[in-house]
Amino acid sequence: MPSSCWMVAMAKLLLLLLLSRGLYAIEIPLDLKQPPTITKQSVKDHIVDPRDSAVVECEAKGNPMPVFSWRRNGKFFNPGRDPRVSMRRRSGTLDIAFYSGLDPEDYEGEYQCFATNDFGSAVSNKILLRVSKSPVWPKEFLEPVAVNQGLPLVLPCDPPPSVPPPHIFWMNSSMMPIVEDRRLTVGLNGDLYFSSITVNDTRTTYSCNARFAQTIQQKSPYTIKVLTTRLVAESVPSFLFPKGTASSKVVLRGKPLILMCIAAGVPTPTITWSKKVGDLPRRKLRLENFNKTLRITSMSDDNAGDYICTASNRMGATSHTITVRVQATPYWANKPENLVLTSEDNGKLICRANGIPKPTIQWLVNGEPVDSVPPNPRRQVAGDTLILRSVQIGDSAVYQCNASNEHGYLLANAFISIQEAAPRMLGPRNQLVKVMENNRTFLYCPFFGSPLPELRWFKDGQIVGRDGGHYKAYTNGTLEVRHARLDDQGTYTCVANNRLGKAENQARLEVKEPTRITRPPEHLRAIRGSTARFECRAKHDPTLPITVTWKRNGRLLVLGWRLQKEDDFLAISSVRREDEGNYTCTVRTELDRASASARLVVLDRPDPPTDLELSDPTERSIRITWTPGNDNHSPTKEYLVQYEEDYWEPGRWKNLSSYPGNLNSVILPLSPFINYQFRVYAINAIGWSKPSRPSQRYQTSGAAPDAVPGNIRGVGTWKTRMEIRWEPLEDTQRNGPHLRYIVWWRRRDSREEWKNITTYWLRHIIYDTDTFTPYEIKVQAVNDFGLGPESNVVIGYSGEDRPIAAPTNLRVSKTDSTKATVHWTPVPSKTIMGLLKEYKVYYWRESSQLKWLSVSREKKSKGFNVTGPQPWGVLTGLVPYSNYKMHMVVANSRYEGPASSTVEFQTKEGVPAPPRFFRIQQRHMDTLYLDWDRPAEPNGILTGYTLKYQVVNGTRGGRTQLDFPPNTTYYSMNRPDRYTRYRFSLAARTQVGVGEAAVEDSPLFTNEAYTREQVDIATQGWFIGVMCAIALLVVILLIVCFIKKSRGGKYPVRDKKDLPLDPVDQKDQDGSFDYRINRVPTLPYSKRVRWGITVAP
């Protein structure tokens, strides 16, 4: 809501304060003579700390400056006679110094301040000064309190009285606060109530503690001695507080109401509240302390009535009625205001106050009751109204109105000032007032004059505020502008006139465009760690600068690296859980503000479950219950229960089972002989929670195995051996200590007895078996608790031997260019000496049917796993127009048998492979030369080549095809211009068809980058001449270098100056030196002498 709303509300309040003052309620400038006015005073009930000095305030204004005096307890009090009391200069404020050794209570009492000048006396409230006390709790020895089990008990606190009253709390023997529950209650008076006593109440002591103003005092602790009985008798509820069936309570309007009901009984009673007439005020009501306390935050008249407290248990119910009456301290209906009159004027002061009971009104003049001062014939008191007629200069005075009832009093000062003065303006001149369009504003023109001046407002020479409309002028000089419009802008003049003169002032009004948010932030749901962005765009008056602030949950955001304001956005990077809340964007100008809010919800992984509890244990199951953690705005979809055991793999957690997210108590299936510990994960759409704290351990009892080993098989490892293998039971399937396996076997289809052996291993080898003989096998697990179930019978075979027969009648029935269909006669099954794996064909390319083509004789193989009386298979991937050979063997799982006889066959002619190479060259500017080689695999007799080409960079369409004989391997073609590019494809042909083509594009030359009109530089005469001159110059330089070298390589290195040569310089007289190098041999000295090598010195 824009700030204009609360500004209007404040303006209304100010208007009521300024404009409802009777005839003429206005401040008199201090430079004019006037009676005193109290401006500051202490509170009526003034409690001070004895460790500090006491300050009793009293400030006043007037002309002449008032003189201050005090009364204490109704008698004159002279601060100057007490060295500990001083009164501040030009003030009536008292400073009371509490020196050491002084009893501060000596200064307690009722103080009243008087401010007096030539025109009267103003008085303050009666200030009750009290010193806060921290009394010492007398030590006492308390006998143990003996009470029968099940009876109620009240332990009184009875703290010593103090100012202010102490705060009461109870503590146990461990100095921990007593925790209240349905049975145990601390009453409003501080006593400790037990609804019924149990044996557990003897485990500690109970001490009452009182927190006073400066200290905490502790009463001697109570000890409870419980007299136990075999059976505690149940009882109907009865009230410990309040007593009886009815009571009453008076509460002041606007103050909180606190009602408490404490009941005794077994079982502990339950408390409920109701109202005899009407409903409980739910909006202001709060039930606390297990419904034993009813609290209403602020009482109003309609909250009065009979409140019924009902205590009930299964033995019965009882009620107590509390009659609540609402009364009120006096409050002003019409507070008397100051009056400024001229001679012979009439006036009146009205003093009206309300309250319950109705307040009584007393009038005083200059601090004294009107009845006790000399009568004034021009003054008349008529109840709550004081009337003055035809006043004179000497009638100036300060009148007091006292409105009081049994709950308190109100005191107001109002003076009568008799004077004459020309009009004057009291406020600042030429004010600038800014207001938002369609809002209410006020132009203030405070003035003073006596007699009361007539004030009028003008705008553009026209009177405003007299004819109604959206202007309203008040007698105190204020002009109200309702629903300001743009045409209300301008300069306003206020003019005050009386018979003594005239005064005027001006105010300028500017109407501004209201601020409004055009694109408010929207509610967001963000995953923790992501980035959230709130948008907030606003429109405002261009002449008013704005500030944009962001708040979270009402607190101003501190921007940083994570929270950044970007133009019209608030960006929150790496969102955290604590970022969740209501975000409010506020756009402010100096006149108004606009706000909009949105909520950020942070989605996160769930919090881990807590409070894991195990119950209902059995041999193979247990119930686990947990308290779900916060799902962090993403519903929990699943719970995963893990377990850990401390024997086989301690410290390793394994998944046990998962359950839907709406469960928090499940029965877990367990295995015997495992010491379990459990933990739970919560899983939602965001991810997994952290694991819960582990539960307590639970050990299941042992049992015989109830599972069989898996994957039992008999495998032949040698022709006279068979190895029986199986997979072990899992750790959770062992069910007991010393797990082992009983292995059973016998030959199938025999009448022999089962043989067995017990082993801890996971295999067993049987020796001296027949070759590839079937055996019946079974395995059984056993532990110290007994035998597990037997497995199903599994057939295993002993070891295989090498096949002894070869396939016969191997032949080829059908061939094409790349395939051949093979047939054979299978071998007898007894000759395989094992389990048939496959018939394997070994084949190789013996030669090509083209005599001149050499081939690779790499041997290949292919297996056929076929059965039946007439097996066959297809060889694929053969090379066309070739001679092949093949033979076949039979194979079992371990060996291959002897080879069959070798069979030859031929493949038919096919299409050729692509040419071995295909090149395109440009030997002249307008000629392309193509050459190629025959295919690496002709796959038949070549019948020629097919060349196809088309333009690829122009608009010419169509494809050209040329056929060449098999002995042609090149082709030249002219192209119409050098910039045209072609794409060529070349393929060889046989009688079967055209083979795979080779594709090439004509080359792209550099001179193609030039435009068609550019001339070739290499054909220009000037270019040829320059190249010839450069070549001639290079030849001349080479000749000069050769001549110089033939002279010994001496080059002058000195300037032609007559400089002396160093004696050690080995130089020629012409200033040259010889650059020839004497090479130093690297041979040893002895070899150099032998070979006649000498080294120049």
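Predicted model: local features only at pLDDT ≥ 70, side-chain atom pairs only at ≥ 80, totals over all residues.
Asp 395 counts as buried, at 7% relative accessibility, where buried means under 20% relative accessible area, exposed over 50% and partly exposed in between, with a 1.4 Å probe and protein chains only. Residues are numbered from 1 along each chain as its sequence is written, and side-chain values use heavy atoms, with hydrogens and water left out.

The side chain of Asp 395 meets that of Arg 378 in a salt bridge of 2.8 Å, N to O, the term standing for a side-chain nitrogen of Lys or Arg within 4 Å of a carboxyl oxygen of Asp or Glu. Asp 395 is in the loop between strands S35 (385-388) and S36 (397-405), and Arg 378 is in the loop between strands S33 (368-369) and S34 (379-382), so the pair ties together parts that are 17 residues apart in sequence. Strands (E, at least two residues) and helices (H or I, at least four) are DSSP runs, numbered from the N terminus. Arg 378, for its part, is partly exposed at 28% relative accessibility.

Let me turn to another pair. Arg 183 and Asp 201 also meet through their side chains in a salt bridge, at 2.8 Å, N to O, and this pair links distant parts of the chain, 18 residues apart. Arg 183 is buried, with a relative accessible area of 16%, and Asp 201 is buried with 5%.

What are Arg 519, Glu 535, Arg 537 and Asp 568 linked in? They are linked in a network of salt bridges, and within this group the side chains of Arg 537 and Glu 535 meet at 2.8 Å, N to O. Here Arg 537 is partly exposed, with a relative accessible area of 31%, whereas Glu 535 is buried, with 17%.

Now to the nonpolar side chains. The largest nonpolar core has 29 residues, of which Trp 70, Leu 94, Ile 96, Phe 98, Tyr 107 and Tyr 111 touch the most other members; such a core is a set of buried Ala, Val, Leu, Ile, Met, Phe, Trp, Tyr and Cys residues joined through side-chain atoms within 4.5 Å. Apart from this core lies another, of 22 residues, among them Cys 157, Leu 192, Phe 194 and Val 226.

Finally, Met 1027 lies in helix H2 (residues 1021-1046), and Met 1027 is partly exposed, with a relative accessible area of 40%.
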